[in-house]
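Please look over the sequence and the model below before reading on. The paragraphs that follow go through sheets, helices, backbone exceptions and single residues in turn.

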Amino acid sequence: MTAFPLPPGSVIGVLGGGQLGRMLALAAARLGFDVAVLEPEADSPAARVAAHAVVGAYDDPSALARLAELSDVVTYEFENVPARAVATLAELGVETAPCARALAVAQDRVAEKTFLNEAGVATVAFAAAHDAAGAAEAVAQVGVPALMKTCRDGYDGKGQRWVEHLADAAAAFAALGGDPVIVEAPADFMRELSVIAVRARGGEIAIYPPGENHHENGVLRRTSAPAQVSRKAAEQIERIAHQILNSLDYVGVIGIELFELKGGRLLVNELAPRVHNTGHWTQDGCEVDQFEQHVRAVAGWPLGPTEPHHRVEMTNLLGEEAAAWAALAAEPESRLHLYGKREMKAGRKMGHVNRLHPLK
Ligand code: AMP
């Protein structure tokens with residue numbers, strides 16, 4: 001049994017070597033921890049700032065054994081970690097946070113929405129299907145238009161199709177690859193909000209003010225935070241975050257994506273059981289950012305304050321946009337974060353810029 005709080009000098013294992021792992025490792029280093037990264041590719045953004053790098057597949061038993069040997073606790077920077085990896089780490093006696101259940105819920109859209117509804121959190125109406133006939137039944141049940149999404153492995157708007165007519169259901173199912181799908185009623189939302197919340201080992205919860213998100217082609221473009229929300233909406237968001245975190249007995253940071261409907265009602269769209277792109281504004285807008293909060297939570301430390309001291313507009317730098325680093329660095333109100341990715345590909349998240357404004 002691991003004794004918490006972990007003292008400085010302990011090692012935090014991270015599954016995944018992307019930018020989220022890199023920013024977690026930097027935050028961990030500030031508190032005196034070392035990070036061990038497990039990632040299939042050598043020379044990953046996170047591995048280059050971490051004390052230990054293990055290169056191997058997420059379900060490679062010897063790579064997992066090495067990670068377990070190095071780490072006092074293991075966390076994730078993405079949710080599509082094979083369940084086998086989590087089970088292997090548990091068998092090796094390493095504590096993982098967030099828990100396996102949080103990952104399982106977030107990996108499958110039907111399990112996610114079922115969990116949310118059972119926890120008393122509203123979502124769009126939905127139905128599940130695992131074959132073409134079932135897909136037609138699900139569309140008939142939900143009504144048209146409906147949004148059909150693959151249950152697993154969808155991200156950044158991939159693996160989704162609008163179905164306008166019941167007769168198109170089977171073709172949409174086939175076009176999505178024939179894997180299990182969820183069929184969702186359309187959310188007639190005014191805006192997309194998200195909230196970053198964190199739960200400590202002792203059950204204490206801290207919540208950042210919500211951000212307003214703008215996507216382009218299914219990819220997050222901008223987050224403005226704190227978003228202007230009514231008191232009623234702020235209270236609803238707080239209640240939703242508490243219900244989700246407590247129901248999962250969650251430890252760490254979670255990102256909760258929300259639709260704000262015309263009447264002010266909030267529906268949860270998606271959960272990210274990890275630090276989240278829509279929480280990057282906290283790095284320069286709050287005293288303690290989402291990365292440090294996550295490290296504090298998994299290490300069993302007290303949580304830090306979540307109050308904002310600046311309004312922030314966070315813009316993702318996709319592909320070539322990161323080539324403007326010199327001009328961005330010269331803007332006095334901008335704080336530049338670059339991920340050190342070796343290859344600049346179109347649409348790839350290369351960094352982000354946080355533009356600071358006084359709090360209104
Ligand atoms: P997701 O992969 O579930 O995060 O969806 C990606 C984006 O598609 C969301 O950010 C929304 O803009 C849109 N979207 C997802 N689900 C729905 C829905 N049921 N109704 C309307 N728009 C949706």
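How many bridges join strand β6 to β7, and do the two run parallel or antiparallel? Four bridges join β6 (residues 146-150) to β7, and the strands run antiparallel. One of the pairs is A146 with its bridge partner V163 in β7. The model is predicted, so local features need pLDDT of at least 70 and side-chain atom pairs count only at pLDDT 80 or more, while totals for chains, interfaces and linings use all residues. Residues are numbered from 1 along each chain as its sequence is written, and side-chain values use heavy atoms, with hydrogens and water left out. Strands (E, at least two residues) and helices (H or I, at least four residues) are DSSP runs, numbered from the N terminus. Two strands pair if DSSP finds at least two bridges between them.

The strands β6 and β7 belong to an open sheet of four strands in the order β5-β8-β6-β7, with antiparallel pairing. At its edges are β5 (126-129) and β7 (160-163), each of which pairs on one side only. From one strand to the next the twist averages 25 degrees. Angles are taken between N-to-C directions and run from 0 to 180 degrees; axes are lines fitted to C-alpha atoms, for helices over the stretch in contact. Helix α6 (residues 132-142) lies across β5, β6, β7 and β8 (181-184), and runs at about 175 degrees to β5.

A169 is a residue of helix α7 (residues 169-175). Its relative accessible area is 0%, so A169 is buried; buried means under 20%, exposed over 50% and partly exposed in between, with a 1.4 Å probe and protein chains only. Leaving aside residues up to four places away in sequence, A169 touches A135, A136, V139, M148 and V163, where contact means heavy atoms within 4.5 Å.

Strand β1 (residues 11-15) is joined to β4 by four bridges, and the two run parallel. G13 has V74 of β4 as its bridge partner. As a general point, strands of a sheet pair through backbone hydrogen bonds, either parallel or antiparallel.

Next comes a pair of helices. The axes of α2 (residues 61-70) and α3 (residues 83-91) come within 10 Å and cross at roughly 45 degrees. The two helices are therefore oblique to each other; angles under 35 degrees count as roughly parallel, over 145 as roughly antiparallel, 65 to 115 as roughly perpendicular and the rest as oblique. L64, L67 and A68 of α2 make the contact with A85, T88 and L89 of α3. These residues divide into five nonpolar, one polar and no charged. Here Ala, Val, Leu, Ile, Met, Phe, Trp, Tyr, Cys and Pro count as nonpolar, Asp, Glu, Lys and Arg as charged, and the others, Gly among them, as polar.

Most residues other than glycine have a negative phi, and most peptide bonds are trans. A cis peptide bond joins A97 and P98, with omega about -5 degrees, and P98 lies in the loop between α3 and α4 (100-107). The bond from A225 to P226 is also cis, with omega near -10 degrees; P226 is in the loop between β12 (219-225) and α8 (231-247). D43, in the loop between β2 (34-39) and β3, has a positive phi near 65 degrees. D43 is partly exposed, at a relative accessible area of 38%. D249 has a positive phi near 50 degrees and sits in the loop between α8 and β13 (252-261). With a relative accessible area of 53%, D249 is exposed.
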